[in-house]
Amino acid sequence: MNTLRDPFSLRNKPNFNPALQILRQQSPILQSPILQSAQKAAQQITSEVQKTVVNVVTPAVDSAVESAKEVAKETIEQMSFSIPKNVPSFTSSQRDLENQAWSARFNQQKDLPLYKDKPYYSSSATAKRKTMLRRKRVIAIVVFLVIAAWFFGIFSGDVVKLPTAIKPTNTKGVVDWDERREKVKEVFLESWQAYERDAWGSDIYAPISKTGKQMGSAGLGWIIVDSLDTLMIMNLTSELSHARNWVEHTLSYDQKTEVNTFETTIRMLGGLLSAHYLQEVLHLIPSDPKNPDMYLEKATGLADRLMGAFDTASGIPWASVNLHTGAGIPSHTDGGSSSTAEATTLQLELKYLAKLTGEKSYWDKASKVMEVMDKLSPKDGLVPIYINPISGSFWGSEIRLGSRGDSYYEYLIKQYLQTKKSEDVYKDMYNEAMSGMKKHIIKKSHPSHLTYVAELPSGVGGATSPKMDHLVCFVPGMLALGATMGQPIDRARKAARGKPWGQRQEEDLHLARELMHTCYQMYAVTATGLAPEIAWFETEIPKPGEEEKVDYRKDIIIKPRDAHNLQRPETVESLFVMWRLTGDEIYREWGWKIFEAFVEHTKTKEGGYTSLDDVTVIPPRMRDNMESFWLAETLKYLYLLFSKDDILPLDEVVFNTEAHPLPMFDVPPHFHKADWRKVKEDAAAAAAAAGEVKKAA
């Protein structure tokens with residue numbers, strides 16, 4: 001096996017010749033006027049002369065090429081990346097120096113580096129002498145090959161392009177992003193039209209068998225309502241008219257059906273509220289003058305049926321609710337406990353509905369849940385993944401930022417932003433949680449030292465598990481959003497509510513970049529270019545003296561039971577946020593590669609798109625199921641990733657966890673801001689003051 005390290009995957013490029021790549025890309029000789037004249041002269045050489053020269057030069061050229069390959073191999077080995085043995089400090093002076101060197105190497109902005117492990121250069125005199133000797137040998141071979149190349153006509157064709165992996169990140173003027181955006185729109189239309197044809201009004205769609213079925217006694221709008229705002233953003237007016245007509249005249253939530261409180265809130269309530277916002281506030285599409293508040297009325301009716309889930313002793317909602325009776329229903333597993341993420345991911349939707357309707361009860365129920373959570377004082381801000389609605393206490397000790405834990409953290413920072421940064425308690429809870437995450441579960445894999453988010457099966461203080469759900473890939477976007485408050489980096493660095501950009505923001509942004517790289521590699525290492533549902537990371541530390549070489553396929557372990565792909569959006573969601581906030585187009589390029597993989601491997605013969613059973617084989621086995629978030633999230637985020645950055649700016653809207661955009665707003669005067677920490681502090685201060693007075697008396 002060739003163990004030569006190749007962090008840019010240059011050898012995987014078609015027709016790649018290391019010697020010629022290096023010569024064409026690196027040699028200053030090839031940029032000289034002499035070469036330009038030589039190229040013109042080469043075009044005038046007759047075929048007869050070329051044949052004559054080839055007969056004479058070919059043997060010598062072959063020998064020179066072989067020598068060049070050996071030199072190139074040695075040069076590449078010298079350029080190979082050394083891997084730090086420990087987790088790096090995000091703010092060390094050494095790291096800053098590396099960032100500067102790395103950005104200068106590829107002519108990038110200092111604050112927007114490509115995700116590559118940074119080279120460490122030897123400064124010894126011996127190393128310098130060896131480097132000079134190698135350079136002289138390469139230059140000599142270059143001169144010889146340039147002369148030979150004139151006769152071969154190598155320079156008369158297209159110039160060899162830099163591999164995508166090392167192109168400068170600023171590709172404006174080169175890539176037609178509008179065209180790529182329209183490609184995403186085309187795929188959405190294909191998916192939507194297949195659903196319209198085969199299963200209109202159904203909640204579950206099987207695109208291969210062309211069938212649909214309901215989750216309850218009648219359609220809940222699981223796919224249609226979830227897709228309303230995507231139809232609006234993509235300006236698909238005829239498809240939207242069809243969907244709106246179904247919602248207005250067919251959809252009814254008065255069904256004897258048990259539904260998950262969380263899923264129904266984020267998909268259905270969030271979808272209806274977002275449609276109302278985009279229609280009535282942003283005027284993306286004209287509203288129906290006969291019934292302009294139709295979406296809001298449907299949302300209010302649904303919310304009223306969900307309120308029974310909050311009728312608990314603690315205020316923590318039941319896992320499910322009966323839509324007909326409005327009665328809350330405990331989970332049938334986990335001791336009747338609710339998922340922590342599900343109980344704490346209802347707030348954006350209910351608070352916006354309260355603002356629209358003036359109904360304070362929605363607001364109070366949403367805030368009460370967060371107060372209960374905070375008063376449990378989770379260690380270092382990290383919460384177990386279950387909470388009991390009766391006792392209001394955590395059930396079990398397992399902690400993870402994947403399933404059942406993820407959106408608790410996401411909604412902390414988004415609640416702070418939703419009310420225009422007026423409720424500091426959510427910012428404080430978020431910062432505590434991020435500090436706890438960095439302290440306990442940010443880990444490095446081997447041999448390539450990918451950064452990943454581990455799990456704590458036994459809670460804080462217990463051993464970590466090197467398991468990371470694809471769901472965790474929302475974290476890079478969350479960290480960037482929390483660091484910049486939704487503003488582009490250049491603006492955010494100047495001021496953050498009148499305060500200078502600080503160490504916490506820099507740390508979080510660095511960590512966001514590193515985790516974004518890891519999430520992308522979860523796609524890049526598979527045969528299909530699509531990520532598995534769960535990845536495991538290699539933790540075995542190499543033996544003393546054993547050198548670690550970058551090979552992401554060795555870091556990421558995919559177990560057979562975890563190899564499926566459900567068309568999830570978390571990675572492209574973070575790519576969208578990272579692109580918006582950093583302006584680094586590498587995130588768009590990664591998104592395009594992921595989109596191409598989806599198109600190549602998940603499109604069915606029947607015209608729809610489906611989830612997969614195994615991303616590690618080609619062709620992958622198809623599951624015959626299209627998730628609603630394929631339309632509501634994955635394709636929406638890809639469309640926005642390739643769109644202009646003034647559409648739904650991140651310092652004006654928050655996306656709920658189902659990608660439904662909702663506006664930021666001022667807290668209505670008659671609503672109570674979340675200030676229970678301040679109340680507690682004031683009470684403690686008052687008690688202390690009273691004690692001092694009593695002593696003095």
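**Figure 1. An open sheet of three strands in the predicted model.** The strand order is E3-E4-E5, and the pairing is antiparallel. Strand E3 (258-260) and strand E5 (328-329) stand at the edges. Each has a single partner strand, so one side of each is left without a neighbour in the sheet. Strand E4 covers residues 320-322. Two bridges join E4 to E5, and these strands run antiparallel. Ser 320 stands opposite Ile 329 in E5.

**Figure 2. Helix H9 against the sheet.** Helix H9 spans residues 261-281. The helix lies across E3 and E4. Its direction makes an angle of about 70° with E3.

**Figure 3. Thr 657 and its surroundings.** The unreviewed UniProt entry lists Thr 657 under "binding site". The relative accessible area of Thr 657 is 17%. Buried means under 20%, so Thr 657 counts as buried. Sequence neighbours within four places are left aside in the contact list for Thr 657. The residues in contact are then Phe 262, Ile 266, Thr 345, Ser 407, Glu 410, Tyr 411 and Glu 633. With one of these, Glu 410, Thr 657 makes a polar contact, side chain to side chain, at 2.9 Å.

**Figure 4. Asp 406 in helix H14.** In the unreviewed UniProt entry, the feature "active site" is placed at Glu 263, Asp 406, Glu 533 and Glu 570. This view takes up Asp 406. Helix H14 covers residues 406-418, and Asp 406 belongs to it. Asp 406 has 14% relative accessibility and therefore counts as buried. Apart from neighbours within four places in sequence, Asp 406 is in contact with Ala 341, Arg 400, Leu 401, Leu 471 and Phe 474.

**Figure 5. Glu 570 and its polar contact with His 470.** Glu 570 is among the positions under "active site" in the unreviewed UniProt entry. Helix H20 (residues 570-582) holds Glu 570. Is Glu 570 buried or exposed? Glu 570 is buried, at a relative accessible area of 9%. Not counting residues up to four places away in sequence, Glu 570 touches His 470, Leu 471, Cys 473 and Phe 474. The side chains of Glu 570 and His 470 make a polar contact of 3.1 Å. Leu 471 and Phe 474 are also among the contacts of Asp 406. Cys 473, touched by Glu 570, belongs to the disulfide of the next view.

**Figure 6. The disulfide between Cys 473 and Cys 519.** How many disulfides does a search of the whole structure find? The search finds one. It joins Cys 473 to Cys 519, with an S to S distance of 2.1 Å. The torsion about the S-S bond is about -100°, so the disulfide is left-handed. Cys 473 lies in the loop between strand E10 (467-469) and helix H16 (475-484). Cys 519 lies in helix H18 (residues 503-524). The pair therefore ties together parts that are 46 residues apart in sequence. Cys 473 is buried at 0% relative accessibility. Cys 519 is buried too, with a relative accessible area of 1%.

How values were computed:
Residues are numbered from 1 along each chain as its sequence is written. This is a predicted model: local features need pLDDT of at least 70, side-chain atom pairs count only at pLDDT 80 or more; totals for chains, interfaces and linings use all residues. Side-chain values use heavy atoms; hydrogens and water are left out. UniProt positions are given in the numbering used here, feature names are shortened, and annotations may be inferred rather than shown by experiment. Buried means under 20% relative accessible area, exposed over 50%, partly exposed in between (1.4 Å probe, protein chains only). Contact means heavy atoms within 4.5 Å. A polar contact is a pair of N or O atoms within 3.5 Å; within protein, one must be able to donate a hydrogen and the other to accept it, and residues adjacent in sequence count only if both atoms are side-chain atoms. Two strands pair if DSSP finds at least two bridges between them. Helices (H or I, at least four residues) and strands (E, at least two) are DSSP runs, numbered from the N terminus. Axes are lines fitted to C-alpha atoms, for helices over the stretch in contact, and angles run from 0 to 180 degrees between N-to-C directions. A disulfide is a pair of cysteine sulfur atoms within 2.5 Å.
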